[in-house]
Amino acid sequence: MKTNIEELRKKYMNNPPEGLTSKDIRNMSEDELLDMDYFLNEDDLFSDEAGVDGFYIF
C-alpha cells in the first residue's frame with residue numbers, strides 16, 4: 001500500500017491541485033493525501049458507468 005501512496009504523492013507533486021504547492025503535498029500525511037485524492041476524484045466514482053442517468057423521484 002505504501003507504494004500506491006508514494007505514486008499518488010508523486011502524481012500530485014508534479015501537478016498540484018489549485019491552491020496547493022508541491023511542498024504542501026510533500027508535507028501531507030498519508031490520510032490527508034488519500035482524502036484529497038478521494039474528493040478530487042469523487043465525480044468519477046459516481047459516473048454513468050453503472051447505467052444510471054440520474055436520480056428519479058416518484
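Trainee: In what order do the elements of the protein chain run from the N terminus on?

Mentor: They run α-α-α-α. This is a predicted model, and its chain has four helices and zero strands.

Trainee: Which residues of helix α3 are buried?

Mentor: Helix α3 covers residues 30-40, and Leu33, Met36 and Asp37 are buried there.

Trainee: Why are the buried residues of α3 said to line one face of the helix?

Mentor: Seen down the axis of α3, they fall within an arc of 100 degrees, so they line one face. An α-helix has 3.6 residues a turn, so residues three or four places apart point the same way.

Trainee: What do the buried residues of α3 pack against?

Mentor: They pack against α1 (2-14) and α2 (22-27). The face of α3 turned away from the buried side carries the exposed residues Asp31 and Phe39.

Trainee: Why is Phe39 called exposed?

Mentor: Its relative accessible area is 54%. Exposed means over 50%, so the word applies to Phe39.

Trainee: Why does Tyr38 count as partly exposed?

Mentor: Tyr38 has 37% relative accessibility. Buried means under 20% and exposed over 50%, so Tyr38 falls in between and counts as partly exposed.

Trainee: What makes Tyr38 and Phe39 an aromatic pair?

Mentor: Their rings lie 5.2 Å apart, centre to centre. The centres must lie within 6.5 Å, so the two rings pair. A search of the whole structure finds one aromatic pair.

Trainee: Why is the pair of Tyr38 and Phe39 called edge-to-face?

Mentor: There are 85 degrees between the planes. Planes over 60 degrees apart count as edge-to-face, so this pair does.

Conventions. Residues numbered from 1 in each chain as written. Predicted model: local features only at pLDDT ≥ 70, side-chain atom pairs only at ≥ 80, totals over all residues. Heavy atoms only, no water. Helix = DSSP H or I, 4+ residues; strand = E, 2+ residues; numbered from the N terminus. Phe/Tyr/Trp six-rings, centres within 6.5 Å; stacked < 30°, edge-to-face > 60°. Buried < 20%, exposed > 50% of the residue type's maximum accessible area, 1.4 Å probe, protein only. Arc of directions from axis to C-beta. Contact = heavy atoms within 4.5 Å.
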